[in-house]
Amino acid sequence: MLERIRGVNLSGWFIPEPWVMPSLFAATGASNDAELQQALGATVYNEHIRQHYETFISEDDFRRMAAVGLNAVRLPVPWYAFGSQGDAEVHIPVVDYIDRAFEWSEKYHMMVLLDLATVPGGQGDSNDPAAALHAAADWHSSTNGRHIALSTLERLAARYGSSDVLLGIELLDSPIMSVRKNLFSMTEGIPSHYLRNFYRDAYELLRAYMAPDKLVVFSASGHPDAWKHFMRGKQYDGVCMDIHLYHYRDANAQDITSPHGLSRAIARNRRLIDEGRHAGFPVIVGEWSGAAVFSNASVTPEGRAAYERVFIANQMASFAKARGWFFQTWKTERRIAAWDARVALGTLERAMLD
């Protein structure tokens, strides 16, 4: 087990996203993977996607990650990781490419956290504004969504559970959880009791294939203080909470060009990590970035880069009480400075990652 996780997400590899790989979506009108397949048709889509799987991440990426001091990857995988053929969609398996990630991780002394990032019907994304059109979380209402998610997790554990480079498995990415707004109403999302029961059932399935030193990770869903007394019995080993920390929009948006804005962002990081730890769990920061608000229109590109560097360094320091972190993400096609680790972390001294 790693003493300190210093990792990156490999977003956009198995679940295409237009902000990571815009050329894949060009001239299609699609904004997500499902719309892309609908726009291209299953045959053309799978030709494109197979080429993408083959080329987007290579062994050289793992070599470079290790060279800059990273020791882990968080690998988002879809519910159709083992392939799927339905009336509306056809998906080719991605497990051969996951195998490559494990082989390369072993070669370069890195660890892998597998993350079940999509489920049938959608889990939503607790990182997004509640009003976002893609925030729908209908997985708990789908006929066999729960069964498919558990089956995929079990098959992943059966295939990779004994690997020396498996850090653990994350049960869902960042589902929107329904929480109480007031005495009479709840927010939209997946009921908390549904998530809790799912996590418990998934834990039992995974532990049949995974030793206690492999992590079973669940998402805080934006509410780390809501998980007190959860999975606290002696039968639960290696359970870890994942908290995602972003500061670029909505109530959490911070102008990092002001000392007050920067200090507020860093204080929020520490507070949420403390809430997770006080709930009784080790915490990992599964996603974070250098993205923030620049309200001063006169900031030059060089000045922006300097502010982001300071912001990133301060965030790393704020993660001191967590087990570690995964930057979002390793690479983007257009090298987006605040999100692409090759740019954002590439100029940091090796000691800052330790």
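This is a predicted model: local features need pLDDT of at least 70, side-chain atom pairs count only at pLDDT 80 or more; totals for chains, interfaces and linings use all residues.
Arg155 lies over the face of Phe82, at 4.1 Å from the ring centre. A charge counts as sitting over a ring if NZ of Lys or CZ of Arg is within 6 Å of the ring centre and within 35 degrees of the ring normal. Residues are numbered from 1 along each chain as its sequence is written, and side-chain values use heavy atoms, with hydrogens and water left out.

Next come the rings that pair with each other. Rings of Phe, Tyr and Trp (for Trp, the six-membered ring) pair if their centres lie within 6.5 Å; planes under 30 degrees apart count as stacked, over 60 as edge-to-face and the rest as tilted. Under this rule there are 25 aromatic pairs. One of them joins Phe62 and Trp104, a tilted pair with 5.6 Å from centre to centre and 55 degrees between the planes. Phe62 belongs to helix H4 (residues 59-67) and Trp104 to helix H5 (residues 95-107), so the pair ties together parts that are 42 residues apart in sequence. Helices (H or I, at least four residues) and strands (E, at least two) are DSSP runs, numbered from the N terminus. Phe62 and Trp104 are both buried, where buried means under 20% relative accessible area, exposed over 50% and partly exposed in between (1.4 Å probe, protein chains only).

Tyr199 and Trp227 make another pair, with ring centres 5.9 Å apart and planes at 45 degrees, so this pair is tilted too. Tyr199 sits in helix H7 (residues 192-207) and Trp227 in the loop between strand E9 (215-219) and strand E10 (239-245), which puts the partners 28 residues apart. Both of these residues, Tyr199 and Trp227, are buried. They also belong to one aromatic cluster, whose other members are Trp139, Tyr194, Phe198, Phe218, Phe230 and Phe281.

Arg196 is buried, with a relative accessible area of 18%. Leaving out residues up to four places away in sequence, Arg196 touches Ala226, Trp227, Lys228 and Phe230; contact here means heavy atoms within 4.5 Å. Over in helix H8 (residues 259-278) lies Arg268, which is buried with a relative accessible area of 15%. Neighbours within four places in sequence aside, Arg268 is in contact with Leu245, Tyr246, His247 and Asn252.

The axes of helix H2 (residues 33-40) and helix H3 (residues 42-55) come within 6 Å and cross at roughly 125 degrees. Axes are lines fitted to C-alpha atoms, for helices over the stretch in contact, and angles run from 0 to 180 degrees between N-to-C directions. H2 and H3 are therefore oblique to each other: angles under 35 degrees count as roughly parallel, over 145 as roughly antiparallel, 65 to 115 as roughly perpendicular and the rest as oblique. The contact involves Asp33, Leu36, Gln37 and Leu40 on the H2 side, and Ala42, Val44, Tyr45 and His48 on the H3 side.

For H5 and helix H6 (residues 145-160), the axes come within 12 Å and cross at roughly 45 degrees. H5 and H6 are therefore oblique to each other. Val95, Asp96, Ile98, Asp99 and Phe102 of H5 meet Leu156, Arg159 and Tyr160 of H6.
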